[in-house]
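I opened the model to look up its disulfides, its nonpolar cores and a few loop positions. My entries follow.

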Amino acid sequence: MERSAVLGLLLLLALPNPGLGEHCSGAGVDDGASVAPQGAAERGGSHPRSSAVAVGWAAPPLAAQSHLRIIGGHEAKPHSRPYMVSVQSKGVHTCGGALLNPRWVLTAAHCIPESADVSRMMVVVGLHRLQERRNAQSFAIRSACPHPGYDSQTMEDDLLLLQLEGKVKRSKRQRPIALLRREPAVGTVCSLAGWGGRRGLKAALQELEVAVLDTRMCNNSRFWNGDLTPSMICFEGRGRGEAPTSGDSGSPLVCGRPAAVAGVMSFSSRNPTDPLKPPVATSAVKHHAWIRRTLRRGCAAQTEQPQLFTQGSPQLSDKAAGTPTSSQP
């Protein structure tokens, strides 16, 4: 496997900062969250910065680029990622997500705007081209469970589980994906997909291969300068100039064979191809227990006061949303 991308970043570190190296082991698949998986900001941490953007939202104090769109990459083979969903507001795509079982979708907590009216939001399953819905299934959102530790300033615990108002009928176009059991090792080749593009939404689903980087290296003073937490995964596109950017928030970072969810796209730099500010996902592996508990018992399973909203709720807690971007109507 090629490691040139990782080595290139390591060379930038030269003499300073001794705390580099691998921090994780190989990956396995957890099949408990799904059936037969398939498919292949510049953010401020403790010191919020206006230069970061969350992958699905415009920059708040933290400014991590939240609605990321894929730069580079290529169109995915139609329905080769049957777990991919489109989270939509008033019929417009705002974020990606992963179908974990027939009733639940995993996405990013910042994908839901502060003033979200859930009755106007839908989850669409089985899409390849956004405007071709003949064989797709659309669902209202029954309830949403942000991770109780989600912080819109630091982007920590940027996960959201959506319970659908109905059950997805499994087919070749619509099929759940499992959770990865262990963190992907440094250098692991993974992939992500989304409907974003450099100049707006793409008509068809795009996909991109990425390589996992060492989080400790990404936290170096020349990179994210300590803003990343242990529950975050940083990575980079394998091709020069390839990266996610606005539009792909909430899309799953998938690794392994069979493919399984390692993380959820969270944020990147305002310049998404900046090699010193690699894009960042929230680890699904590190939040495995919370995800499994919520899938079994719903939002009530959260040990802390949940930021729960249900269909018809006029607003969310401030912590349950990032700042909206132009991709959100």
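Which hand does the disulfide of Cys-218 and Cys-234 have, right or left? I read a torsion of about 85° about the S-S bond, so this disulfide is right-handed.

**Basis.** I note that this is a predicted model, in which local features need pLDDT of at least 70 and side-chain atom pairs count only at pLDDT 80 or more, while totals for chains, interfaces and linings use all residues. Residues are numbered from 1 along each chain as its sequence is written, and side-chain values use heavy atoms, with hydrogens and water left out.

**Disulfides.** I found four disulfides in the structure, a disulfide being a pair of cysteine sulfur atoms within 2.5 Å. With the bonded cysteines numbered in sequence order, I get the pairing 1-2, 3-8, 4-7, 5-6.

**Cys-218 and Cys-234.** The S to S distance of this disulfide is 1.9 Å. The pair links distant parts of the chain, 16 residues apart: Cys-218 sits in helix α2 (residues 215-218) and Cys-234 in strand β14 (residues 232-237). Helices (H or I, at least four residues) and strands (E, at least two) are DSSP runs, numbered from the N terminus. Cys-218 is buried at a relative accessible area of 0%, and Cys-234 is buried at 0%. For the term, buried means under 20% relative accessible area, exposed over 50%, and partly exposed in between (1.4 Å probe, protein chains only).

**Cys-190 and Cys-255.** I looked up the disulfide that joins these two and got S to S 2.0 Å. Cys-190 is in strand β12 (residues 189-197) and Cys-255 in strand β15 (residues 252-255), so the pair ties together parts 65 residues apart in sequence. The torsion about the S-S bond is about 105°, so the link of Cys-190 and Cys-255 is right-handed. Both cysteines are buried.

**Cys-145 and Cys-299.** Here the S to S distance of the disulfide is 1.8 Å. I read -90° about the S-S bond, and the link is left-handed. Cys-145 belongs to strand β9 (residues 137-146) and Cys-299 to the loop between α3 (288-297) and β18 (309-310), so parts 154 residues apart in sequence are tied together. Cys-145 and Cys-299 are both buried.

**Cores.** I then turned to the nonpolar cores, each a set of buried Ala, Val, Leu, Ile, Met, Phe, Trp, Tyr and Cys residues joined through side-chain atoms within 4.5 Å. The largest has 59 residues, of which Leu-100, Leu-106, Leu-161 and Ile-291 touch the most other members. Apart from it lies another core, of 16 residues, including Leu-192, Cys-255, Met-265 and Ala-281. Neighbours within four places in sequence aside, the contacts of Leu-106 include Gly-97, Leu-159, Gly-250, Val-261 and Ala-284; contact means heavy atoms within 4.5 Å.

**Ala-108.** I placed Ala-108 in the loop between β7 (104-107) and β8 (121-125). Ala-108 is buried, with a relative accessible area of 0%. Asp-158 is 50 residues from Ala-108 in sequence and 5.3 Å away in space, C-alpha to C-alpha. Leaving aside neighbours within four places, Ala-108 is also in contact with others, among them Leu-160, Val-264 and Met-265.

**Arg-81.** Is Arg-81 buried or exposed? I find Arg-81 buried, at a relative accessible area of 5%, in the loop between β4 (74-75) and β5 (84-89). Its side chain joins that of Ser-191 in a polar contact of 3.0 Å. A polar contact is a pair of N or O atoms within 3.5 Å; within protein, one must be able to donate a hydrogen and the other to accept it, and residues adjacent in sequence count only if both atoms are side-chain atoms.
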